[in-house]
Amino acid sequence: MQHAYDMAHAAADWLRARIPAPSAAAVLGSGLGALADQLEDAVQIPYGEIPHFPAPKVSGHAGVLSVGRLPGRKTVVAALSGRVHLYEGHPIEEVVHAVRTMALWGVRDLVITNAAGGIDGAFAPGDLMLITDHLNLTGKNPLWGVNDDRLGQRFPDMSHAYSPTLRRIVQACARDLGQTLRSGVYAGVMGPSYETPAEIRMLGHVGAAAVGMSTVNEVIAARHAGLQVCGISCITNLAAGLSATELHHDEVKTTAELARERFLALVCEALERFAERPER
Ligand code: HPA
């Protein structure tokens, strides 16, 4: 088997030969792919063409890398529409391959978005939540095994997994756009079954404000690779046991679609301001 570094390096070289790396990339979660369609003069590359990129299989996840200008602006960004999840059976190296590729390509900032179930009693479906920290409850870690120093150091610090600087910028964007922005801890679970009400009560007790089936391993790999990370969840449903209705993936996609305009406005403004800030 090829090493994770070699695979990400091959993908990054392949991209670099075609497009210079933008300073920021966004991973777009379930139903949140609209940003990719909005990019101007965009180059669109199906994952299947990029070395070692696995194709996502979940409906609502397209599997295309788009690189283009933010609508009405000059800043060029990359948008990864669709990701692969552990619950699809992908090995963890595949789950984080795109993130490592972004880092080796030369991207500085990574915006990771997802659909999540709301646990905090104040949250309503359609709310956007800035991720302040996470609980990795997937039972996996992408850094498991021999460390490759070319990817990052053995024991990366996770105290500031979600960059305080980027968080302040996103909060300022929300204020200026007149948007309510929730914030809280994201619990990442393996899935694919939704949680039981008992599990949601437990997650609430340990400080989780939202729960989802992605993000945490990508963030660990991103921090390992030296990327600055910003995480935004779209609360697509109340978590199990908190509403009278049963959970369904269609609800996740429909609610994400309802939040589309606010999500787009916030993410575009944030990406623009991230690009404008001075080098670290
Ligand atoms: N649980 C886990 N993942 C999710 C949920 C949820 O309630 N909603 C969207 N993704």
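Modeller: On a 1 Å grid over the protein atoms alone, a cavity is a set of points where a 1.4 Å probe fits but cannot get out, while a pocket is an open set with protein on both sides within 12 Å along at least five of seven lines. A search of the whole structure finds 2 cavities of 30 Å³ or more; a volume is the space filled by probe spheres set on the points, which are joined across faces, edges and corners. This is a predicted model: local features need pLDDT of at least 70, side-chain atom pairs count only at pLDDT 80 or more, and totals for chains, interfaces and linings use all residues. Residues are numbered from 1 along each chain as its sequence is written, and side-chain values use heavy atoms, without hydrogens and water.

Colleague: Where does the ligand sit?

Modeller: In the largest pocket, meaning that more than half of its atoms lie within 2 Å of the pocket's grid points. That pocket has a volume of about 320 Å³. Of its 25 lining residues (an atom within 4 Å of a point), the closest to the centre are Ala-115, Tyr-194, Met-213, His-249 and Val-252. β5 gives the most to this lining, with 4 residues.

Colleague: Which residues surround the ligand?

Modeller: Among them are Ala-116, Val-211, Thr-236, Asn-237 and Leu-247, each with a heavy atom within 4 Å of the ligand. β5 gives the most to this shell too, with 3 residues.

Colleague: How much space lies in the largest cavity?

Modeller: About 110 Å³. The closest of its 13 lining residues to the centre are Gly-82, Arg-83, Val-84, Val-95 and Ala-98, and helix α3 (residues 92–105) gives the most, with 4 residues.

Colleague: And which residues are closest to the centre of the second largest cavity?

Modeller: That cavity holds about 80 Å³ of space. Of the 13 residues lining the second largest cavity, Leu-86, Val-95, Met-213, Ser-214 and Asn-217 are the closest to its centre. Helix α6 (residues 216–224) brings the largest share, 3 residues.

Terms used
Helix = DSSP H or I, 4+ residues; strand = E, 2+ residues; numbered from the N terminus.
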